[in-house]
Amino acid sequence: MKTRLLTGLLSLLMPAMVMAGEYDLTVDRVKIDTGDFVKEGIGYNGASPGPVMRFKEGENVKINVTNNLDEMTSIHWHGLILPFDQDGVPGISFPGIKPGETFTYEFPIQQAGTYWFHSHSGFQEPDGAYGSIVIEPEGREPFRYDREYVVQLTDKHPHSGDRIMRNLKMMPDYYNREQQTVGEFFSDVSKNGLMNTVSDRMAWGGMRMMKADVEDIHGFTGLINGKGPSQNWTGIFEPGERIRLRFINSSAMTYFDIRIPGLDMTVVQADGNNVQPVSVDEFRIGVAETYDVIVRPKDEQAYTIFAESMGRSGYARATLAPEEGMEAAVPQLREPARLTMADMSGMAGMDHGSMAGMDHGDMNMSSSEGMGGMDHSSMEGMDHSNMKGMDHSNMEGMDHSGMSGMDHGSMAMGKKGGPSDPFYAKGSGLVPTAANGGKFLSYADLKAQDPLYELREPTREIELRLTGNMERYTWSINGVKYEDADPIRLKYGERVRFKFVNETMMTHPMHLHGMWSILDVGAGQWNPIKHTISVNPGTTVYMETEVDEPGQWAFHCHLSYHAAAGMFRKVIVEGGPESAQAKTDVLVEDGGEV
Amino acid sequence: MNASKLIVAAAAMSMSAATLAAGAHGGGHGASSGEPGKASEASRTITVEMYDNYYEPEEISVKPGETVRFVVENKGNLVHEFNVGTPDMHEAHQEEMMMMVEHGVIQGGKLNQDMMNMDMGNGKTMKHDDPNSVLLEPGQSKEVIWKFSDKGNIEFACNVPGHYQAGMYGDVNFE
């Protein structure tokens, strides 16, 4: 009897023992060589980027982090669902890791997919303190591939993060090389007339923004897996294989538009969560986002992975090839996008009366209201403006009257001839288009493959206006920067609808720690879950959160210098399991500065 | 989608009947997948379960000329297809399926029957009634009776946009 009980106990314990992995990370000063310049930075286990951490869903991990720096550090496991005191944000989850100290993180792995980790202290992350996380699911993947690669991007700048922040505070356009010139003023005058040009410029000045502010920071070298364009990171394949590429944008400030000329990319995962597969020619990856794509190169040739920065001020480049050393043509950078008056339509205090022709009525297309049960999201990719070559004469029998409930008027069809996407302001100058004229991924294409949460009505709505003053380089939420703001208080068990209203000219990747962000793409139950939601200028975007993790969490813009300037909030989840509540109280008493 | 792609899609749609006819001749050029079979000639039944987005099993073995009765069950939450053909046939069919999605015929987990039967002109519809395939909503089950031709590069595949590319296909191995 006793032996049996013992064996029983042992077999109960066994799986847990097998599934407990222990890992070591050191935080080190490292040299970073981009091919364009060499600089000192921060890395993990002696390199930047740090290692690929491979976990298995269901595993309990123990990660010993040793701080070899002469300053405090921390590691945040970006996108992982874990107890809040393991989340790695100094002053919110824990005090941080002192120089010379080893801190042991311990948490269960409750999810699968592609994620990453980075320091949440100062500007260590832009200085190189980041790595990737790959979690194998407990069951099978809902797709097939023969090999996989992590493709981790960053925007490596020759200046340190501290120095960049100082310069931005002193002169917000310090790193902006795309400013409009006097020559451009005169060419606009000859095109648009003097009065139009002057009033356009005055409107921009009144917003304390500069028209070319698609990006704050120019002058970086784009890296893929730590390699600059000339160093050309290469992934090997055999023709005919399916390859899973796990794209991670670990940039401080830079969005990238990614394409692989000659290959379709089938997007199967976003921010670690599987989405219904969608094949695209190109996609935009926001700062801190991840996208997994499957490609299938059939020919015995090299293919270039080309990642152009959204503002076209730089690029990252890598290669997929059957053999090391092969390479394909590297495309030229395209012309930079220019913000239009539509992109600043969210600015408060502007005279909207002078913006004739703008239709604010359609601004909330991402909201499920007003979408009359129709699934517009599947139609956004259709650009009817390109259909001129199609012969409709054979289609007389097509009875559009049967398409009840379809409102073509509200469809994003690019009526004015330009590209459109419901997640960009109408008439926006930022809407991306694929270099080959094909399909560019939109948030509207993202549908959950297997929804994690039941659809239910949110208990309340919280409006977060994304605010800032570019000329003083202050960034804030609802006009209040972090150090002056009260925390956002949520109740355990509620479902909150967040309304992001972007009143600035910049795109902000908003990252809520610890709990999923259910992005409203108008697909109801199929709305995808993400950890980072990109909010474009002049737009309103909704996300919902099931408040299912107790404790206190960070919620911020993931652009490093925006977060540091104050576009940051602490979120406190009240209630929930007692033990977690007690831990929060202790931490609040300790409370350090972020 | 650009104009040329759409024209190809439209052409492919009107061609699908012809493709099948060619298949029925059993050319043996490696380009045919076989022909519709008779239930009475089926040597066995193979059950194929469709999940989001993969098949179980992911490969089957048949003899050249064998007639197989497939019982196809959609156990996922999305619309899926079971289609027997060559990779080229699947690629052509994917254009048609893209059109069905763009016209709202396939909406995640639902098929819009009204839209499928809509007359597109010239008597063409977006009905999905080719004998080498079935298109099923979650929970549905249907049969395909197929007589395989000689050896060839045959796959069964789901051509709902993105699904094949993500790996929703199975290999047909000839014994």
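Predicted model: local features only at pLDDT ≥ 70, side-chain atom pairs only at ≥ 80, totals over all residues.
**Charges over rings**

I started with Arg140(A), which lies over the face of Tyr54(B), 3.8 Å from the ring centre. Arg242(A) does likewise over Tyr164(B), at 5.5 Å from the ring centre. My criterion for a charge over a ring: NZ of Lys or CZ of Arg within 6 Å of the ring centre and within 35 degrees of the ring normal.

Residues are numbered from 1 along each chain as its sequence is written, chains are lettered from A and ligands numbered from 1 in the order in which they are written, and side-chain values use heavy atoms, with hydrogens and water left out.

**Aromatic pairs**

I looked up the aromatic pairs next, and the structure holds 31 of them over all chains. Rings of Phe, Tyr and Trp (its six-membered ring) pair if their centres lie within 6.5 Å; planes under 30 degrees apart are stacked, over 60 edge-to-face, and the rest tilted.

Phe423(A) and Tyr443(A) make an edge-to-face pair, 5.4 Å centre to centre with 75 degrees between the planes. Both sit in the loop between strand E19 (315-321) and strand E20 (460-469) of chain A, 20 residues apart. Buried or exposed? Phe423(A) and Tyr443(A) are both buried. I use buried for under 20% relative accessible area, exposed for over 50%, and partly exposed in between (1.4 Å probe, protein chains only).

In chain B I picked Tyr55(B) and Phe156(B), an edge-to-face pair at 5.0 Å centre to centre and 70 degrees between the planes. Tyr55(B) is in strand E3 (residues 54-56) and Phe156(B) in strand E11 (residues 155-157) of chain B, so the pair ties together parts 101 residues apart in sequence. Tyr55(B) has a relative accessible area of 0%, so I log Tyr55(B) as buried. Phe156(B) is also at 0% and therefore buried.

Back in chain A, one aromatic cluster takes in Tyr44(A), Trp77(A), Phe94(A), Phe103(A), Tyr105(A), Phe107(A) and Phe117(A).

**Salt bridges**

How many salt bridges does the structure hold over all chains? I get 40. The cut-off is a side-chain nitrogen of Lys or Arg within 4 Å of a carboxyl oxygen of Asp or Glu.

Arg29(A) and Glu71(A) meet at 3.4 Å, N to O. Arg29(A) is in strand E1 (residues 20-33) of chain A and Glu71(A) in the loop between strand E4 (60-67) and strand E5 (76-78), so this bridge ties together parts 42 residues apart in sequence. Arg29(A) is partly exposed at 41%, and Glu71(A) is partly exposed at 33%.

Arg147(A) bridges to Glu241(A), with the closest N and O atoms 2.7 Å apart. Arg147(A) lies in strand E9 (residues 147-156) of chain A and Glu241(A) in the loop between strand E11 (233-236) and strand E12 (243-249), so parts 94 residues apart in sequence are tied together. Arg147(A) is partly exposed at 25%, whereas Glu241(A) is buried at 14%.

Arg259(A) and Glu308(A) form another bridge, the closest N and O atoms being 2.9 Å apart. Strand E13 (residues 256-259) of chain A holds Arg259(A) and strand E18 (residues 303-309) holds Glu308(A), so the pair ties together parts 49 residues apart in sequence. Both residues, Arg259(A) and Glu308(A), are buried.

**Helix H2 of chain B**

I checked the length of helix H2 (residues 87-102) of chain B: its 16 residues should span 22 Å at 1.5 Å a residue, and its end C-alpha atoms are 23 Å apart, which agrees. The expected span is 1.5 Å times one less than the number of residues. Among the buried residues of H2(B) are His90(B), His93(B), Glu96(B) and Met100(B). Just after H2(B), Gly104(B) takes a positive phi of about 75 degrees.

**Phe123(A)**

Last entry: Phe123(A) is in the loop between strand E7 (113-118) and strand E8 (130-136) of chain A. Phe123(A) is buried, at 12% relative accessible area.

Definitions and conventions. Helix = DSSP H or I, 4+ residues; strand = E, 2+ residues; numbered from the N terminus.
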